Amino acid sequence: MRFFNRFGNDLYTGKLSFPFVARRALWFIIAAALVLGSVLVLVVKPPQFSIEFTGGSQFTVTNVSNTDQLLATDAVQEVVPGATTKVTTIGEDAVRVQTDQMSDIETRDVTARLAEAYEVPAAEVSSSFIGPSWGQDVTRQSLWGLAIFLALTFLILALYFRTWKMSVAAIIGLVDVLVVTVGVYSLFGFEISPAAVIGFLTILSYSLYDTTVVFDKVRENTFEDGEKSGRTFGESVNLAANQTLVRSINTTIVAALPTGAILFIGALWLGAQTLTDISLSIFVGTLVAAYSTLFVAVPLFALLRENEPAIKANDTRVLESRERASVEA
């Protein structure tokens, strides 16, 4: 604990400093590689969307003594050969089966066959249907929600920090989080459901919160860059990132631990699918957001502003002053 306190104090005073700004070229290359890799994954292995987006039929078999998923797959294939089937175990005594859109006759036949396969009464098999138009409506509303979120984020940050360049850096950081998180989903074959979309919006909000806290400290430090400041603009931005580093680490750990517990215990162990969808997106997104704020948004903001005439003049003055001091020494 004493070491951690000393570590945080050294970061805050500048005695210890991580080069977020000085090595931004390296961080940008890594970030670009992650984004390009995610895009490549999305092209080669497109993300899987849940039935709420694609439409189809869903059957739920309850009070089963055997949760073997192959029984459900075989039952569906016997009635509708070649039908796309996704089977999920729910808890310890239920199975959910999602298929392509089926007719009323096929639905009745599949229901009867599932009841026979799992040796339960037909009343234990429930069926539902989601039309493609409803899925399209869900998709459209999700995209509109994302667009409105990003637009409001840009506007509010621009008004609060009184510079559009902070908004640009924050938005690029948010897009980076979203692309990489969706890329992870696609890479591991995770399904994108409405609950996952809610999780995506939640982690974007978390990333925005983290970025705003860091940028607020950046504004505080760079405001001091006047005649009395002995730092360049990039050094002030880097100091702010280091001063908030411990807070960012603590916030990420506090956010990741409970969502990780929900994911690995409540969802994967107990089989709660909705918990899996939302906790997985939040867990992955939280980790990505922590890196994006410090390694993308912060150095990008420094890059966008350091060539402004006033800032450039101040940086030149600081560097010339150091050079004279070095010569005199």
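Entry 1: Is Phe301 buried or exposed? I found Phe301 buried, with a relative accessible area of 1%. My cut-offs were under 20% relative accessible area for buried, over 50% for exposed and partly exposed in between, using a 1.4 Å probe and protein chains only.

**Entry 2: ground rules.** I kept in mind that this is a predicted model, where local features need pLDDT of at least 70 and side-chain atom pairs count only at pLDDT 80 or more, while totals for chains, interfaces and linings use all residues. Residues are numbered from 1 along each chain as its sequence is written, and side-chain values use heavy atoms, with hydrogens and water left out.

**Entry 3: confidence.** I looked up pLDDT, the predictor's confidence in each residue from 0 to 100. The protein chain averages 82, and 89% of the residues score at least 70.

**Entry 4: the whole chain.** I noted 12 helices and six strands; these are DSSP runs (H or I, at least four residues, for helices; E, at least two, for strands), numbered from the N terminus. Of the 329 residues, 45% are buried.

**Entry 5: the cores.** For a nonpolar core I took buried Ala, Val, Leu, Ile, Met, Phe, Trp, Tyr and Cys residues joined through side-chain atoms within 4.5 Å. The largest has 50 residues, and Ile192, Phe215, Val218, Val237 and Phe301 have the most contacts inside it. Helices H6 (132-161), H7 (164-187), H8 (194-223), H9 (233-243), H10 (245-267) and H11 (273-305) each supply at least two of its residues. H11 gives the most, with 13 residues. A second, separate core of 19 residues includes Val61, Ala75, Val87 and Val97.

**Entry 6: contacts.** Contact here means heavy atoms within 4.5 Å. Leaving aside neighbours within four places in sequence, Val218 touches Met166, Val237, Ala240 and Phe301. I also checked Thr286, found in helix H11 and buried at a relative accessible area of 2%. With the neighbours within four places again left out, Thr286 is in contact with Ile203, Tyr206, Thr252, Ala255 and Ala256.

**Entry 7: rings.** Rings of Phe, Tyr and Trp (its six-membered ring) pair if their centres lie within 6.5 Å; planes under 30 degrees apart count as stacked, over 60 as edge-to-face and the rest as tilted. My search of the whole structure gave 11 aromatic pairs. Tyr185 and Phe190 have ring centres 5.6 Å apart and planes at 75°, so they are edge-to-face. Tyr185 is buried at 1% relative accessibility, whereas Phe190 is partly exposed at 29%. Phe215 and Phe301 form a tilted pair, 5.6 Å centre to centre with 40° between the planes. Phe215 lies in H8 and Phe301 in H11, so this pair ties together parts 86 residues apart in sequence. I also found Phe18, Phe20, Trp27, Tyr291 and Phe295 linked into a cluster by ring pairs.

**Entry 8: helix H5.** Helix H5 (residues 104-117) has 14 residues and reaches 20 Å from its first C-alpha to its last, close to the 20 Å expected at 1.5 Å a residue; the expected span is 1.5 Å times one less than the number of residues. Its buried residues, including Val110 and Leu114, pack against strand E2 (56-62), helix H4 (69-79), strand E4 (94-99) and strand E5 (125-130). Just after H5, Glu119 takes a positive phi of about 55°.
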